[in-house]
Amino acid sequence: MAQWIKTWTEDGWRAEVLSWVDMACEAYSIKRIDALQSASSSIRATHLRVPTDAGLLFFKAVAPGQSFEPPLTSAAASLVPERLVMPLAIDPDRGWMLSPDYGATLDELATTPELWARTLGALGQLQRELVPCEEALFDAGLQILDPAWIPEEFNNALMLHASLPAEHPLGIPARDADHAFAALKDIEEACAQLIAGPIPLSLEHGSFDRRRVFAPTDESTAPRILNLGDAHWAHPFASLARPIERMRIDFRAPADDPRIIAAIGAYLAAWGDYGCPDELYALVGPALRISPLHTHETWLQLLAEADEPALLRWAPKVLEPLAELAATTA
């Protein structure tokens, strides 16, 4: 595990967190009523539950490579307050965030085609509403991955990994880089289709599935989306990659299953002022084609300050997207 994660178990770090959480709660006239409770910890973040007299709150400390998440979440939630979780407090320098609890997430409910359709519809609506907000989100730290730049980014990534020593966890042999480079033409074609299409860039979630959405309390309430640590300002349709993969598992069906197509249609309907779902569906394939490069960039960021054991453990996550691109080259 990365060196910075080790400090999360130390008394000094927990004392700092406790002091900050109590100060944040006091600003809202809220009182903590019990000790902080461990929720989860990973290469991305550590999560703690905060019991208070106003209900449960959640503390999150993000990895240094995703320190933009607290300010990004705050900025985006101020722009679309009904669609995201507004943090009660953030510390951008330390990558800390304290947020309210909105109950169960959608993965805790029974899987149905209708639930997936509503989930993807909520994502599409969020992205559509954020289209005019590039400058505000860029100022909050969101990285841009414009399809116009993706082919060069792919080329640079291969050069980076091929230039590293063979023993380096992120190094790849020149022959493997050459094999992966054969995907460049497909990537260029996919990017050209996306650039020529009508859909503008927006918030590409990066790791969207039903765990990233709070269950709404009623039919008229918009589901609230969370966890923006893997996000980019990019072609929004790339966000469909993970949901489609999850739906194939949930329904034990191919990607062209009518239930999956219907859920994608609910997503595309949110973009109705740019075209009908049947017209926009042609852009889904190209967006899925380049989505592994978004994943590659995310993992590079996450491992930017990792120690050697963490690098050895997680390096495959950086290289897998490039291998995926090479494996699916026509």
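1. Arg-94 and Glu-16 form a salt bridge, their closest N and O atoms 3.4 Å apart (a side-chain nitrogen of Lys or Arg within 4 Å of a carboxyl oxygen of Asp or Glu). The pair ties together distant parts of the chain, 78 residues apart: Arg-94 sits in the loop between strand 4 (89-91) and strand 5 (96-100), Glu-16 in helix 2 (residues 11-27). Helices (H or I, at least four residues) and strands (E, at least two) are DSSP runs, numbered from the N terminus.

2. A caveat before going on: this is a predicted model, where local features need pLDDT of at least 70, side-chain atom pairs count only at pLDDT 80 or more, and totals for chains, interfaces and linings use all residues. Residues are numbered from 1 along each chain as its sequence is written, and side-chain values use heavy atoms, with hydrogens and water left out.

3. Back to that pair: Arg-94 is partly exposed at 36% relative accessible area, and Glu-16 is partly exposed at 42%. Here buried means under 20%, exposed over 50%, and partly exposed in between (1.4 Å probe, protein chains only). Asp-91 joins Glu-16 and Arg-94 in a salt-bridge network.

4. The whole structure has 14 salt bridges. Another one is Asp-230 with Arg-44, at 3.0 Å from N to O. The two lie 186 residues apart, Asp-230 in the loop between strand 9 (224-225) and strand 10 (232-234), Arg-44 in the loop between strand 1 and strand 2 (45-52). Asp-230 is buried, with a relative accessible area of 6%, while Arg-44 is partly exposed at 25%.

5. Arg-32 also pairs up with Asp-22 in a salt bridge, 2.7 Å from N to O. Arg-32 is in the loop between helix 2 and strand 1 (37-41), and Asp-22 is in helix 2.
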